[in-house]
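User: I am new to this structure and would like to learn how to read its features. May we go through them one at a time?

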Amino acid sequence: MKLGLKLALAALVVGLLATVPWWGSPVMVQFGINALILATLAQSWNIIGGYTGYPSFGNSVFYGLGGYGVAIAMVQFHLPFAVGLLLGVFLAVLFAFLLGLPVLRLRGHYFAIATLGLAEVMTAIVSNLEIAGRNVGLILPLLKGDTVFFELSLALLAVTTITVAWISRSRFGFGLIAIRENEEAAAVMAVNTTLYKILAFALCSAFAAIAGGIHAYWITYLDPSSAFDITLNVKMIIMAVFGGAGTIFGPVLGAFALSAISEILASKVTSLASIFFGLVIVAAVVFMPRGFADLVRRFRQQRWRYFQENIKAHRV
Amino acid sequence: MKNLTLLFATMTLLLGSKLFAAPIELGASVQLTGQFANTGRYYGDAYQFAVEKINAAGGVKIGNAREKLNLKILDNQSDVNLSVRQYVQLVTQDKVNFLLGPFASDFALADSAISEKYDIPMIQGGGASDQIFSRRYKYIFGTLPPASDYFQSTLELMGQLKPAPATVALLYADDAFDVSVADGTRKAASKTSLKIVVDQRYSSKASDFNSILSLIKSQNVDAILVAGHETEILNFIRQAKTLNVNPKLYSFTVGVPSADFRAALGQDANYAFGMTSWVPSVVLKDDYFGNAEQFANEYKKRFGYEPDYHAASAVGDVEAFVKAIESANSLDPAKVRDAIAKVDFDSLYGRIRFNAAGQINLPQTVVQIQKGKLVPVYGPKGLLEKPLYPMPEWGKR
Amino acid sequence: MQLLWQILVNGVLLGGLYALMALGLVLVWGVLNIVNLAHGALIMLGAYACYYLFTGFGLDPFAALPVAMVLLFCLGYLIQRHVLNLVIRAPMFNTLLITFGLEVVITFLAQITFSADFRTVNPSYAGANFVLLGATVPLVRLLAFGVALGLTFALWLFLDHTGIGRAIRATAQNLTAARLYGVNPRRLYALTFGIGAALAGAAGALYGVVSQINPYIGSSLTGKSFAIAIIGGLEKSIYVLVGGLFLGIVEALTALYIGPTYTDVVSFGILVLVLIVRPTGLLGRTA
């Protein structure tokens with residue numbers, strides 16, 4: 001499909017979605033907000049994990065910092081929400097730069113573990129900070145009406161996706177992909193790998209932070225374990241991978257699909273929802289590790305052999 | 001023939017709609033699985049039991065009819081975010097009339113924002129921390145007495161013991177409820193002659209208390225007060241034994257009244273003090289269950305484990321709704337909300353009435369585990385039974 | 001001074017327990033390159049195994065320990081053979097995800113099988129202790145320390161001085177070459193993961209005696225084990241003793257001198273520092 005057509009289609013979908021709060025049920029709006037925020041997280045992870053090939057398990061830090069930026073600004077200093085978002089983004093980007101530098105020197109699973117460690121450290125540090133309400137958390141002012149949050153989340157997802165689309169066609173993006181495929185070669189080809197990696201990290205931190213800020217204000221309550229929820233990391237990664245890491249729309253599709261199924265299960269047979277997630281992860285990693293986008297593309301040629309090929313390529 | 005059938009059908013429908021009138025929907029999101037399921041199940045089971053009993057007695061009187069109660073319980077898997085979403089679902093999709101609360105202060109704190117957002121009254125029996133009520137929300141009510149008062153009666157008892165304990169170690173977990181307890185306890189203790197020599201906040205997920213225990217032992221503290229969760233307190237007691245820490249007295253905010261806690265510790269549970277806002281005595285009369293003792297027996301028969309104050313509190317929540325609906329004679333949320341604020345009746349849980357902030361005020365009865373049994377030792381009117389004090393050393397039991 | 005000595009004793013004994021916890025993880029990670037996020041869940045299963053053996057058959061926890069190890073070995077073998085073997089040559093990141101999925105599944109199954117009630121293993125000597133130079137030493141923790149030393153030594157013997165052990169190490173280093181020598185990698189990987197699971201089972205068996213068991217203890221145990229593994233270093237399994245002891249002592253000191261709410265800050269902070277400064281661990285050779 002031509003790019004122009006794709007963009008037009010995407011714009012149409014966004015326009016349609018924007019009208020949901022007016023005809024959809026409150027539960028649908030609520031589900032929508034959750035799914036949009038998760039999709040933003042998956043998409044932001046896509047930048048550092050999908051395109052650059054650095055699987056970060058610590059994006060929950062940025063999400064949490066965004067949430068706390070909003071919470072501290074609004075609760076401790078009585079500043080407006082927008083200022084809180086800016087504070088959250090500032091904290092997240094600062095963190096990305098300061099800690100990105102040492103941590104991005106690590107490769108593969110060491111990078112993943114380091115970011116996981118950072119997520120744990122931040123949770124523990126924040127639970128000791130008086131200004132953040134320590135482990136008890138902060139209660140934000142109540143804003144009645146979900147429409148605002150829905151539109152904000154939708155706008156955020158749109159901006160994030162447009163950014164990813166831009167990345168995929170820009171010199172910056174090609175540099176990131178080069179880093180993913182072969183970092184040494186990329187460095188030799190005069191790609192400033194350190195700068196590019198840090199920028200990618202900072203970019204994804206900003207989007208994750210805004211998502212966190214919106215979520216915090218919406219839920220009206222924030223404490224370290226919900227703000228820096230470690231399982232969020234795996235959720236956003238699975239959604240991005242399931243949908244197709246390194247593609248423009250993959251993470252969004254993955255996030256919506258998995259959220260929908262999870263929500264249906266949670267409302268009907270609540271206890272099965274958690275095991276569902278586990279089984280999906282196992283199945284996805286075994287049968288379609290390159291995601292849904294890849295599945296769709298190859299299925300046409302290979303049909304059911306696609307799954308077999310995947311297993312053959314990766315098993316011992 | 002056709003007209004007759006039509007007439008018959010219409011009459012059946014009309015008659016049926018009178019017989020099977022719309023039940024009153026109650027919704028709750030409870031920790032049925034996940035790390036708080038151990039206590040969360042008390043709420044799920046007790047809500048169900050109460051609704052069954054009330055329906056068996058005829059239901060709720062509104063206008064000229066009696067309506068049945070219908071209960072929808074969702075499992076939030078001990079995840080606060082999920083419980084918030086489930087309450088929104090209950091209100092907007094399942095269109096319940098009223099909400100019953102979850103267990104735990106941090107859940108109640110987050111979930112009450114939903115009841116406030118949608119102007120639907122919620123009565124919860126699982127959260128006691130001050131923050132739930134200090135926001136002055138109108139639609140949240142609580143049947144657990146204030147966290148800051150939890151150790152009040154214990155401190156009073158300590159003042160009457162001989163030889164009186166002089167030094168206290170105050171330990172508390174990192175969450176809304178326990179921090180509230182500690183703040184209140186510190187204030188209350190400052191009005192006595194007790195001196196708090198160890199004042200330690202610990203992480204809610206902690207399983208290792210060796211350092212704190214070693215510190216307490218080195219200071220020869222007389223009394224240890226712990227505000228925490230069951231699993232932490234369990235670890236604390238066992239580690240106190242392995243490190244041979246022998247205070248004259250120790251008291252815990254949770255665990256002691258629960259049967260499975262005592263079972264898990266066996267003999268080591270002896271001498272521990274705790275508190276409960278409820279004792280299953282015949283003195284507490286109830287419209288539906290007879291009295292608290294009958295309730296406890298029936299509950300044990302029905303669910304296979306003994307109820308404690310969590311379960312009683314949950315039953316109290318349901319009964320409070322019934323009384324409020326009947327008093328308001330309507331299902332209008334605002335009217336029922338005002339009626340709840342004015343209720344004042346006796347139930348198996350005790351006297352149910354809410355203060356201006358929406359919280360109940362019941363005194364805590366001090367209990368002690370003596371020879372494997374839970375014994376109330378000090379109530380609002382003073383000494384009930386002789387407490388076993390001071391606690392003999394671990395080696396000499 | 002007396003207090004400090006007691007804290008150090010506490011720290012060393014905690015370190016022994018920690019080393020035991022992380023041993024299985026280190027084996028599987030160092031040798032198979034599998035980052036097992038389900039490690040804590042396996043420890044949890046080992047704890048339940050010991051609990052049921054103790055309450056059902058009256059088996060003393062230290063006697064139940066080898067039984068738990070055998071049970072967990074079988075489980076680990078099956079998991080590797082039929083699930084993990086399918087993704088072992090994929091990017092390592094995939095094993096992270098799939099083991100996370102396994103952790104969720106195992107925890108869920110444990111919760112519906114065993115219920116959320118917490119259990120303890122309470123043998124008569126659970127609270128026994130003796131005094132050493134003024135510090136109280138809990139007996140069970142000392143024995144756990146001994147078990148940790150014993151198993152670490154046994155593992156080293158196995159890997160360095162038996163045929164199978166050498167085959168495992170060879171396969172880990174060069175799969176193709178090992179195949180040429182007639183090694184069946186599928187069975188070998190399964191065997192290794194099985195041993196890792198067995199070691200987790202051993203840790204679990206003792207865990208129930210010193211702490212309490214419920215289906216949800218897995219994830220925090222995994223996190224701790226990770227920190228221990230990285231801090232010690234993955235090159236040799238004996239390094240896990242260093243990692244465990246270091247972390248145990250640091251945590252005990254932190255709890256007393258900084259505050260009990262700071263132990264996680266310190267543990268994971270050191271993890272991150274070690275990764276940044278010395279990724280091969282405190283003892284590992286710098287690459």
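User: What covers the buried residues of H6(B)?

Analyst: This is a predicted model, in which local features need pLDDT of at least 70, side-chain atom pairs count only at pLDDT 80 or more, and totals for chains, interfaces and linings use all residues. Residues are numbered from 1 along each chain as its sequence is written, while chains are lettered from A and ligands numbered from 1 in the order in which they are written. Helices (H or I, at least four residues) and strands (E, at least two) are DSSP runs, numbered from the N terminus. A residue is buried if 20 or more other C-beta atoms lie within 10 Å of its own, exposed if 12 or fewer, and partly exposed in between, with C-beta atoms placed from the backbone. Two residues are in contact if their C-beta atoms, placed in that way, lie within 7 Å. The cover over the buried residues of H6(B) includes helix H7 (176-190) and strands E10 (223-227), E11 (249-252), E12 (273-276), E17 (365-370) and E18 (373-379) of chain B.

User: Which residues of helix H6 of chain B are buried?

Analyst: An α-helix has 3.6 residues a turn, so residues three or four places apart point the same way. In H6 of chain B (residues 152-160), the buried residues are Thr154(B), Leu155(B), Leu157(B) and Met158(B). They lie on the same side of H6(B), because their arc around the axis is only 160°, taken from the directions from the helix axis to the C-beta atoms. Gly159(B) and Gln160(B), on the other side of H6(B), are exposed.

User: Is Ile98(C) buried or exposed?

Analyst: Ile98(C) is buried, since 28 other C-beta atoms lie within 10 Å. Its place is in helix H4 (residues 92-114) of chain C. Leaving aside residues up to four places away in sequence, Ile98(C) touches Ile281(A), Val282(A) and Val285(A), as well as Leu84(C) and Val87(C).

User: How many residues does the contact take from chain C and from chain B?

Analyst: The contact takes 31 residues from chain C and 33 residues from chain B. On the side of chain C that touches chain B, H1(C) gives the most, with 6 residues. That side divides into 13 nonpolar, 15 polar and 3 charged residues; Ala, Val, Leu, Ile, Met, Phe, Trp, Tyr, Cys and Pro count as nonpolar, Asp, Glu, Lys and Arg as charged, and the others, Gly among them, as polar.

User: How many helices and strands has chain A?

Analyst: Chain A has 16 helices and 2 strands. Of its 316 residues, 54% count as buried.
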